[in-house]
Structures are given as structure tokens and as C-alpha cells.
Amino acid sequence: MTPSPHDGPQKKKRRSENVHSSPELDLLAIGTAVGSILLYSTVKGELQNKLDGGHVSKVNCIQWHQENGHLYSCSDDGHIAEWNARTGKVKCKWKAEKGSVSCLCISPDGKMLLSAGRGIKLWDLETKEVYKKFTGHSTAVTSLTFAAIRPANDSPPFDGITGLYFLSGAAHDRILNVWQVRSDGKDKNAVLSFTLTDEPIYVDLSTSEDREDPMKLAVVCRDGQMHLFEHILNGFCKKPLLPTCTVQVATSGKGTDTRPVPILGAAFCSDRQSLLIAYNTVLHPILEKVTLNTTEPHICLVRDVQTLVVLRTESAVTKVKTPIVKSGVKVLVPGTPGHNAAIKSVPMESKKIEAKRKKGADNELSIEERLCTMDIETMKVKNKPGVPQADSFAVLLVQGLESNDANILNKVLQTKKDFVIKNTIARLPISSVIPLVQEAIALTLAIENHHVHCLHPSQLPDLVPQLGVLYQLVESRVKTLQKLSRLHGKLYLLVTQVAASETMRNVKDMNQTAKLVYEEGKRSS
């Protein structure tokens, strides 16, 4: 939301000029998520106009021009649009970024426009061309503010933009950079940075016409704190500056009842000494004018704040009226007017069926009992001999080891029946033994890490003799695997060479005598 600018009292006009109050002074511009802009009149308390056709995505920032009353807006579609607030139409629109444009800021003279996405661009509003580019933030820039301070060197004529400073803050960034517009092109890096505790969400500054007075800066961070800075902008400063004062708001509780209250925004008053701060929640903000002693490094304002905000919801308005029925009123049912409809008698068969349902409902089993009964019945079914099962544990175990599927492995490894375990191990191929042992060790270590009481394989005294034969078999096969692979390669080469020699022998000798001889100098008769 951006209110229209009002720079105090205007200059007196002659009687010959058309004197009329500007309608833009009481308008509040609100950007929507669908790309339209709403102009709300704060005096009349109603919607004045709706601007459509400029953006196709969410509007991120709106800026009023201080002279002609035009609007400048940016959106996620990467465009900047210039609007005529009186006609409600787009005056100009141009592509500014490949991605989204997050914020805008108009220069003090009204001739330049700052736009920010991943980088910062300075546009000439007359030609709509890029005047300067600034890079220094790794994330999207969320705030831009011009510092209306004339440069110290007055030898060249001041063109309204060269030498001016502006501030920028980015998302998830804990610094506020200060840039200077220079004509020599050496303005790619920031000249100064202010250190913050969190991402800046609101920035306001106060400057003086006297160059010896420092610029006062108030920055509200996302963590609810406000930092105050005082610095004279005079060129490059290598070291980041720390705040001169940090302000917080808290409730007046005892012990653990004390709760921090977030600061939402702050602005300097005309006297440059007091501040207008907004704190508490967005639904129930509290505005207060305070005068702070900035010589103290940390100030905590204790306030009695109502923490709970109750939203009252009115009952929905309905047009349905309930008729008042008296004792002497006859109610006519559907049928012939003036007569009661025939009431059909309920047959005896339907009554018997309802009685059976009521009796069966008392003896009905629950879902848990039904599942237990189904599990018992499936265990009683005996498999026919000779018929292979697709869901056997050996096949499932091999599939689980190859695909590393935790669900299949848990289903197989949690079996407690001895005969199933023996049959599964007997049918298991040798190539799956080592992955099974590794999976068992990993499962055991995982159980121990979760502090579950279990026996480690090293605590079983008979484990080494039982697995000794298996380890010897695996080691012997692993040792001979490399030699067998080399032997297989040599045999393959010999077989291919023998086959190639046999094919060469079967090829008949080609007749190499020439079928035609041409001699130069003789003519054919």
C-alpha cells in the first residue's frame, strides 16, 4: 500500500491560473496478487478506481510521482508500468528484469527511477533506458530509499542525480548497503554498509540541509528490533557500521511473563528528534510518538499490551423465515388439494428384515476382530505342493536386497518362525549372502543407536563357528574370482582367433588375372 505524496504547502498561484485541489492527495494505492491496482479514497472511505491491464502477476511495489501524480508499479512478471491515476490507463510499460521486480524508488528530482530484482538498475524516466547498474546482493532486493543529500563537491553543475546516495536491503540479508551514483562508472560496489540483526523490513531516514549534521537512519528488522544509525555520508567506508542505539518493546510482566513485542515500523518526525513507531500485531497495531536518548546503546520500552486479539464474527444474514404454527392450523400434505395423501402401510416382510438387522447389529463384530479372523483363516490355508509362490520370503528377500527397499526387508527380517527362516536361507543364492549380512549388521547398529535393548552379534558365542564355514566359502570364491576372470578373457581371445582362422581357410583363392588389359598407343580395331 502506497499513499499519494504530499510535500506540505504548495506555492501560491496567480488568479489567472486554474486553481483546483489535486484528487491524488487522498488516494491510497493497493497492489493485488492478480496484477490489478486499487485506488482507495481515504476521505470518502470508498474505492475510487481500479487499474487493470498493466500486469499479469502479483504487484510487488507502487510509487507515486511527486510532481505529475503518475503511478509506477512493478510485478513478478518482470515489467514496470507507468499509470495515469486520473484516467486509470497505462501510459507506458517496459521489461525491466527476466525474473520478478521487487521494489521501486523515484529520485528526489523525479527524473530517475530505481528498480530492483536480483540487481539494481537506475532508469531514465524520459527515455526508459538504463542509466546505471549496481550489483552487490546475493538475494532479491526488498527495500530501496534515496538519501536526498547534495554532493559535497559543487565544482561541476549538479544534474540532480550524480553524487546522490541511496540505500538497499535484501531478503535474508543482515546488512543495509549504501550506494553512490557516480559519473565515472565506478559505482558497481557499495560505498558503505550498516550491520543489522535480521532482514530489514522498514527503512526511514532524516537528512538536514547542513552537511555537517549526520544523517539519521531508523531500520526495523524482521526480528522486531529497531536500529538507529547516525553517520555523515562522505564517500567510501570500508568497515561496516554498527548501530548507535537498538530499541525494543516488551510487556510489563514479572519473571517469565515478560514478552517481547515486535516493532512493525518507524518514521522520523519533523523535528528529527522524535520517532513515530508502530508496534504490537498487524491486526492490532499501536502508534506512539517517542523521544529517545540515542547515547544509550540499548533501550527497552515497557508497555502494557493486550496480547490476545479477538475477532468478532457476525451471524450470517438469512432470508429463510420459520412460520409460526398454531394449534388450530391444518397442515396439508402433498396430494389432491383439500385431501390427505394416502398413507401406504408398511408390509410385514420389511418389518421382519428390520428386526433381523437390529438383532444382527448387536452381535456384529468390530473391524479389528474381522481382521484377526481373516488373518487366522489365511494361516490355516495350506499351499498345494509343487506350485511356486510369487510372494515367498526368499524371492522377497532377494528383491529387497537388490532394490534396497526398506518395506520389503522389514517384512522379511521381522519373521520369527524358525522353519520359515531356515527355508529362506536355504533357497537364498550365494550372491545375496554378503548383502544380507551387511543389512543385518546395519539393522543391529540402528537398533543400538535408538537405545533399544538387543544382543550384538559379538555377544553370541556360537556365532563365529556357525558362520566360519560361510566366511571361508565366500573368501575362497572372492580370491579365485579375479583369476577366473583373467582366464575367461584369455579363453575368449583364443576362441575368437581360432574361429577367425577357420573362416579364412574356408575362403577360396581369388583369381588375380586381369580380365581386360589396355595398352596405350594402340587403337582397337
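In what sense do strand S10 and strand S11 pair, and over how many bridges?

Tutor: This is a predicted model, in which local features need pLDDT of at least 70 and side-chain atom pairs count only at pLDDT 80 or more, while totals for chains, interfaces and linings use all residues. Residues are numbered from 1 along each chain as its sequence is written, and side-chain values use heavy atoms, with hydrogens and water left out.

Strand S10 (residues 112-116) and strand S11 (residues 120-124) pair in the antiparallel sense, over 5 bridges. Two strands count as paired if DSSP finds at least two bridges between them. Strands (E, at least two residues) and helices (H or I, at least four) are DSSP runs, numbered from the N terminus. In general, strands of a sheet pair through backbone hydrogen bonds, either parallel or antiparallel. Within this pair, methionine 112 has aspartate 124 of S11 opposite.

S10 and S11 belong to an open sheet of 4 strands with the order S9-S10-S11-S12 and antiparallel pairing. Strand S9 (103-106) and strand S12 (129-134) are at the edges; each has a single partner strand, so one side of each has no neighbour in the sheet. On average, neighbouring strands of this sheet are turned by 25 degrees against each other, direction ignored. For such angles, axes are lines fitted to C-alpha atoms, for helices over the stretch in contact, and the angles run from 0 to 180 degrees between N-to-C directions.

A salt bridge is a side-chain nitrogen of Lys or Arg within 4 Å of a carboxyl oxygen of Asp or Glu. Side chains of opposite charge can pair when their charged atoms come close. Lysine 128 meets glutamate 82 in a salt bridge, at 3.6 Å from N to O. This pair links distant parts of the chain, 46 residues apart: lysine 128 is in the loop between S11 and S12, and glutamate 82 is in strand S7 (residues 79-84). Glutamate 82 also forms a salt bridge with lysine 91, where the closest N and O atoms are 4.0 Å apart.

Buried means under 20% relative accessible area, exposed over 50%, and partly exposed in between (1.4 Å probe, protein chains only). Glutamate 82 is buried, with a relative accessible area of 4%, whereas lysine 91 is exposed, at 54%.

Strand S7 is part of another open sheet of 4 strands, with the order S5-S6-S7-S8 and antiparallel pairing. Its edge strands are strand S5 (59-64) and strand S8 (89-95), each pairing on one side only. The twist in this sheet averages 20 degrees from one strand to the next. S5 and strand S6 (residues 71-75) run antiparallel and are joined by 5 bridges. Valine 59 has serine 75 of S6 opposite.

The structure holds 5 salt bridges. One of them joins glutamate 288 and arginine 303, at 2.8 Å from N to O.
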